[in-house]
Amino acid sequence: ALISLRQMLDHAAEHGYGVPAFNVNNLEQMRAIMQAAEATDSPVILQASAGARKYARPVFLKYLMNAAIEQYPDVPVCIHQDHGTHPDVCQRSIQLGMSSVMMDGSLMADGKTPASYEYNVDVTRQTVAFAHACGVSVEGEIGVLGSLETGQAGEEDGVGAEGILSHDQMLTSPDEAARFVADTHVDALAIAIGTSHGAYKFSRKPTGDVLRIDRIKEIHARIPNTHLVMHGSSSVPQEWLQIINQYGGQIPETYGVPLEEIVEGIKHGVRKVNIDTDLRLASTGAVRKFLAENPSEFDPRKFLKASMEAMADICTIRYEAFGSAGMG
Ligand code: G3H
Ligand code: 13P
Ligand code: NA
Ligand code: ZN
């Protein structure tokens with residue numbers, strides 16, 4: 001069943017769990033996410049980025065999302081637009097039938113230039129006005145995602161600030177977060193605490209100075225009734241990096257956000273946990289391994305099935321770790 005982000009996260013807050021928000025671009029990701037959600041009895045957020053709309057085309061995404069709801073009627077689903085760069089983009093997503101949109105006004109409409117507080121409030125307020133009129137929820141963002149190790153946003157081809165960011169920009173201020181929520185009435189708030197998009201988040205297992213879970217606690221203490229969102233929350237499983245590299249890949253040493261740190265965030269108000277990279281890594285590893293071990297196979301269903309199973313395993317581990325399993 002399709003429900004709004006607000007409804008889903010209110011339930012999560014009431015019961016103290018977090019909901020994974022997986023990025024979806026194709027059938028195999030969709031089936032992996034839904035199959036694991038059904039098997040673990042978990043609610044789930046399916047999110048589509050601008051890159052997904054470009055890759056799959058909006059109408060294919062629309063029917064893929066609707067197919068998920070029809071094929072898995074018992075799974076509570078929120079269909080969310082990830083990182084909208086402008087209110088117009090959010091409006092088109094509502095027309096496509098999404099039950100939630102992110103207006104990311106932390107960056108200008110180019111998706112690269114850090115925006116002023118006033119600009120962010122302006123575009124987010126506009127979005128909240130028309131979205132709420134349609135029963136659609138809105139996620140806003142305050143603070144700019146970036147690595148506290150390097151000052152870089154991380155994502156090469158997707159959304160992400162250009163140039164080097166300051167520590168101030170990359171760490172959401174609790175006071176500013178409170179002011180932003182009061183000024184915009186967003187349903188959920190994405191915060192910056194040192195995570196970044198993509199596989200290259202940390203050069204070593206992150207310590208408290210580069211992954212500021214303490215900042216989540218401060219923000220939550222200041223705005224306890226606001227649902228917090230953690231972007232860039234892939235854990236970058238070392239075992240999948242190893243498989244990718246064992247079967248011909250070349251991915252340098254890199255680290256993600258440990259599951260136990262996300263779980264600590266969930267104890268302090270994080271309700272939506274965004275994951276894209278981990279499914280990409282598992283999928284790539286599984287396909288490389290399958291094709292290396294079965295060199296005469298050429299039916300894509302065979303290697304895509306391996307990819308689907310690997311992605312579903314990641315999803316299951318996330319539903320269980322975040323406490324959403326059993327909450328469907
Ligand atoms: O926001 C970042 C997500 O990982 C989406 O990435 O723009 O390549 O689809 P994408
Ligand atoms: P990852 O790149 O860590 O999977 O983050 C995805 C994300 O935040 C999408 O909005
Ligand atoms: Na989002
Ligand atoms: Zn994101």
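This is a predicted model: local features need pLDDT of at least 70, side-chain atom pairs count only at pLDDT 80 or more; totals for chains, interfaces and linings use all residues.
Local features need pLDDT of at least 70, side-chain atom pairs count only at pLDDT 80 or more, and totals for chains, interfaces and linings use all residues. Residues are numbered from 1 along each chain as written, chains are lettered from A and ligands numbered from 1 in the order written, and side-chain values use heavy atoms, without hydrogens or water.

Start at the zinc ion (ligand 4). His-83 (NE2), His-197 (NE2) and His-231 (ND1) coordinate the zinc ion at 2.0 to 2.1 Å. Donors are N, O and S atoms within 2.8 Å of the metal (3.2 Å for Na, K and Ca); water is not among the atoms, so sites may look incomplete. Along the chain the donors follow H-x113-H-x33-H. His-83 sits in strand 3 (residues 77–84), and His-197 in the loop between strand 6 (188–191) and helix 9 (213–222), 114 residues apart. Helices (H or I, at least four residues) and strands (E, at least two) are DSSP runs, numbered from the N terminus. Both His-83 and His-197 are buried, meaning under 20% relative accessible area (1.4 Å probe, protein chains only). The sodium ion (ligand 3) is 5.5 Å from the zinc ion.

Now turn to ligand 2. Its shell holds 15 residues, each with a heavy atom within 4 Å. Oxygen atoms of ligand 2 lie 2.5 Å from a polar side-chain atom of Lys-201, 2.7 Å from a side-chain N or O atom of Asp-82 and 3.1 Å from a polar side-chain atom of His-197.

Definitions and conventions. Buried means under 20% relative accessible area, exposed over 50%, partly exposed in between (1.4 Å probe, protein chains only). A polar contact is a pair of N or O atoms within 3.5 Å; within protein, one must be able to donate a hydrogen and the other to accept it, and residues adjacent in sequence count only if both atoms are side-chain atoms.
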